[in-house]
Amino acid sequence: MSKLLCDKDTGDTIIVKVKDVEIGNKKKVVISGPCAVEDYDTMISIARQLKLCGVNILRGGAFKPRTSPYDFQGLGREGLEILKAVREEVNIPVSTEIMDTRDVEEALNYIDVIQIGSRNMYNYSLLKEVGKLKTPIILKRGISATINEWINAAEYILKEGNENVILCERGIRTFETYTRNTLDLNAVAFVKNNYRLPIIVDPSHGTGIRELVHPMSLASIAAGADGLIIESHINPELSISDANQTISMNTLSDIITDIKKLY
Ligand code: PEP
Ligand code: MN
């Protein structure tokens, strides 16, 4: 295998800074918020509570990659505006998924972190485009991507000059059907051993089941993850998308307390 910029022995361990939050340093980072940005009032209530719980970065999708084109596709530009308003009001950095190269430049006016979703991990034009920025990128693992393919996707971003890449294990598709995906914690330990990028885990998409988010969050941290990205809502059952895997503010607060106990 040829040498990669991601390889552990090619440079210092990368710590990605999002405002004053450091991902990949000793402190575990928690990113949380609803699957989708639904409206301003819901988003601001969620953000206020998350901030009180000690969440470091707010998430929320403005552009939603849904399996069915008939499902809610996100608020688009309006969603970005809500994120920006909430960011200013609550003083918390925000992260959202960008699916299209044409939206990259515009998005920089609204958000602090760009998520590349699982379905776009192989979108090399998008990877090259975000590689030209200095903005932190969360690169989710493709639904059926090997670690090698995922690392090479990260390499596309690094090669263009953007070292601010955070890998995100979000479960892979296996023969198992009781859970939405199979959370591959091997990948977390493997990445930590072999590469110099920070890695976080998404136990929400990784399991698809609300009750599994707490135990798998702790397992992820025990496996060496630098942080978590978790779907949460003030009214989980009423979430417009991914309600089944969305947890309450109380559960999120318990997870954060338990992580602190672990470390
Ligand atoms: C998300 O985090 O909003 C999302 C759609 O996740 P994934 O790309 O991992 O499916
Ligand atoms: Mn979701």
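A: A backbone N or O atom of Ser118 lies 2.8 Å from an oxygen atom of ligand 1, as computed from this model, which is a predicted one. Side chains also take part in contacts of this kind: an N or O atom in the side chain of Arg59 is 2.8 Å from an oxygen atom of ligand 1, and an N or O atom in the side chain of Lys140 is likewise 2.8 Å from an oxygen atom of the ligand. Taken alone, ligand 1 exposes 290 Å², and the protein buries 97% of that area. The ligand sits in the largest pocket.

Around ligand 1, the residues are Arg59, Lys64, Glu97, Gln115, Gly117, Ser118, Arg119, Lys140, Arg170 and His205. Sorted by class, this shell holds six charged and four polar residues, and no nonpolar ones.

Conventions
Residues are numbered from 1 along each chain as its sequence is written. Chains are lettered from A and ligands numbered from 1 in the order in which they are written. This is a predicted model: local features need pLDDT of at least 70, side-chain atom pairs count only at pLDDT 80 or more; totals for chains, interfaces and linings use all residues. Side-chain values use heavy atoms; hydrogens and water are left out. A residue is near a molecule or strand if one of its heavy atoms lies within 4 Å of it. A polar contact is a pair of N or O atoms within 3.5 Å; within protein, one must be able to donate a hydrogen and the other to accept it, and residues adjacent in sequence count only if both atoms are side-chain atoms. Accessible areas come from the Shrake-Rupley method with a 1.4 Å probe; for residues, only the protein chains shown count as cover. On a 1 Å grid over the protein atoms alone, a cavity is a set of points where a 1.4 Å probe fits but cannot get out, and a pocket is an open set with protein on both sides within 12 Å along at least five of seven lines; lining residues have an atom within 4 Å of a point. A molecule sits in a cavity or pocket if more than half of its atoms lie within 2 Å of its grid points. Ala, Val, Leu, Ile, Met, Phe, Trp, Tyr, Cys and Pro count as nonpolar, Asp, Glu, Lys and Arg as charged, and the others, Gly among them, as polar.
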